[in-house]
Amino acid sequence: MNKKKGEIQLEMKQIIVVTDGQSNIGGNPVSAAKEAKEEGVIVNAIGIIDGQADEALWEVEKIAQGGGGIWENTMIQELGQTMHGVTQKTVHKTIETIVGKQLKEIIGTDLENIPPKERSKIVDYMDKVSEEIGIKCCIVMDCSGSMKNKMAVARQSIIELMNSLKGRKGKNEIAIIAYPGKNGECTDMISDFTQDIQKIKEKVFLLKAGGTTPTAAAINHAISLFKMDVSIKEEVFLEESMV
Amino acid sequence: MKKIRLSLGDYVIGKWNKNKYKILSVLGEGGVGKVYKVKNQSTNKIWALKVSDDLSSITKEYDMLKKFYYIDAIPCVKEIDDFIFENDTLYYIVMEYIEGQNLKEYIKTKKISIKNAFGIILFIGNVFKILHDQNFIFGDLKLENIMIDQKNNEMKIIDLGGVVYVGDSIKEFTPNYDRASFNMGLRRADEKYDLFSITILMINLLSGTIFYPQETNIKQMIQKLKELKFSPKLILLIQRCLNQNITFKIFLMEIEKYYKEEKYKKNIFIFDIYKSIDIVFIGSFIFFILVLYKCCIK
């Protein structure tokens, strides 16, 4: 690790749940999302709709609220752009909160209470931080039967998200979990956290549609991925310190 | 995501500058915010007001509009302010209102000649060049972001919300013009990101068609241009631009050449036919008067 002195080392952890229907098996996704939030992982949710916005998926909103994230309903063609937008906004929100706290400590006021014309410098600073912050993103992709015609675009959208993230200066990792899994399992880990765009490009073809919608189980699986990562690191460090 | 839904006739009153605007109509909606046509209640002047819940995006766009105020093609910005709407703080900028149509609406009603297509690209390209020289990338180019004001004979580039520093990541984009959506590169701001999007825009104008990345790849796009019988040289140039292996400067020089070629063609045409018809017509008219004059004297 080449840490420079004074450089802010941050990491944003997010789960993006993509679904085109209501969960129908395997627990309550909203409480799963709440659990993720407690672990420091933000849960964003994207609902895939077919036609008008008034058939919006209410569960998507509830999941995002539980997970402290944002939600959006979109047509499948715009999934790539929506995933980019949601990630962008989450990074912004995270940094606004952090910088907001710092501002309050230093000058005792919120960004909102600084006159608009004097905000530029702070906004520039936030921008710089958001370019450099590490992003760890687990995509939880609905692969139930109804997604059948949408899988090709969904695959492309994941690759595009990676293209977006790779455009940044900071470290980026993506993992993919599909739900339902094969052979009656609730979930299937398509790819563990990776920075390798080539690996993602190959792995997305493992995403295949068919089956039920166990959203809660999938979110829980994602949480365990984030946790596992921490525990592996701890183990490695422990071993290192023992030597 | 909360949608911004200001009703027509609502008032927006600035928290800091206290200016009062009446909402007249919706002008457009993007990923970041909404643009309304508004009237300043004290001066009765018409403005465009862009509102968003994203503080940093609005602040940055204001900074960019201020920074590049000297470019004619970029709308003037009047002020930046906040207001409270349904317990949330929203942020807005007030800009010059541009009459007319955006390029997307315009090409639906009128056919754009080859010469004018090159002219538009050259115009946009020259603005981009100024941005590039100062280490900025425009980013979110699309037909909708080019306004044609026929009354005043002007063209403006609106929406500077996507402008970013070279080397940063692209924040706002439209898939049809975005190289990453066509698997032609990352969403990182470099000159070539703008080169790709302006080339796509040129293809839109030349072919009269908009291509979507889910349906068409680059190869099929080139095929379409071949079917439309564009010169092999031009198609080769477009291909090189889409593959991004020429610089923006060379691209501009090439387009200028094509523009002048088209312009010259038209001039010869006018001189050859219309002007000669005029000369014959005026000549015979003078001859006729002379004959008449002679008759009168006799």
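A helix here is a DSSP run of H or I at least four residues long, and helices are numbered from the N terminus. Keep in mind that this is a predicted model.

**Exercise 1. Decide whether chain B is a compact globule or more spread out.**

Step 1: Count the elements: chain B has seven helices and eleven strands.

Step 2: For 298 residues the globule rule gives 19 Å, while the radius of gyration of chain B is 24 Å; that is well over the rule, so the chain is more spread out than a compact globule.

Step 3: Look at the box. Along the principal axes, the C-alpha atoms of chain B fill roughly 95 × 50 × 35 Å.

Step 4: Buried residues make up 48% of the 298 in chain B. Take the contacts between residues at least 6 apart in sequence: 58% of them join residues at least 24 apart.

Step 5: Finish with the surface and the charges. Chain B exposes about 15,500 Å², with 56% of that supplied by carbon and sulfur atoms. Its side chains include 45 positive and 35 negative ones, and the centres of the two sets lie 5 Å apart.

**Exercise 2. Find the residues with the most contacts inside the largest nonpolar core.**

Step 1: The largest nonpolar core has 107 residues, and the ones with the most contacts inside it are A:Met141, A:Leu207 and B:Phe251.

Step 2: Zoom in on B:Phe251. Leaving out neighbours within four places in sequence, its contacts are B:Ile121, B:Leu195, B:Ile198, B:Thr199, B:Met202, B:Cys241 and B:Ile246.

Step 3: Now pick out a second, separate core. This one has 27 residues, among them A:Val17, A:Ile49, A:Phe193 and A:Ala216.

**Exercise 3. Is A:Ser191 buried or exposed, and which residues does it touch?**

Step 1: Find A:Ser191 in strand 6 of chain A, residues 188–194.

Step 2: Its relative accessible area is 1%, so A:Ser191 is buried.

Step 3: Beyond four places in sequence, A:Ser191 touches A:Ala175, A:Ile176, A:Lys199, A:Ile200 and A:Lys203.

**Exercise 4. Track down the backbone details at A:Pro180, B:Asn135 and B:Asp159.**

Step 1: In chain A, go to the loop between strand 5 (172–179) and strand 6, where A:Pro180 lies. The peptide bond from A:Tyr179 to A:Pro180 is cis, with omega near 0 degrees.

Step 2: In chain B, B:Asn135 lies in the loop between helix 3 (114–133) and strand 8 (136–137). B:Asn135 isn't a glycine, but its phi is positive, about 70 degrees. At 47% relative accessibility, B:Asn135 is partly exposed.

Step 3: Move on to the loop between strand 10 (154–157) and strand 11 (164–165) of chain B for B:Asp159. Phi of B:Asp159 is positive too, near 65 degrees, in a residue other than glycine.

Methods. Residues numbered from 1 in each chain as written. Chains lettered and ligands numbered in written order. Predicted model: local features only at pLDDT ≥ 70, side-chain atom pairs only at ≥ 80, totals over all residues. Heavy atoms only, no water. Helix = DSSP H or I, 4+ residues; strand = E, 2+ residues; numbered from the N terminus. Rg over C-alpha atoms; globule rule 2.2 N^0.38 Å. Buried < 20%, exposed > 50% of the residue type's maximum accessible area, 1.4 Å probe, protein only. Contact = heavy atoms within 4.5 Å. Areas by Shrake-Rupley, 256 points an atom, 1.4 Å probe, with all protein chains shown as cover. Lys, Arg positive; Asp, Glu negative; His and termini not counted. Charge placed at Lys NZ, Arg CZ, Asp CG, Glu CD. Core = buried A, V, L, I, M, F, W, Y, C linked by side-chain atoms within 4.5 Å.
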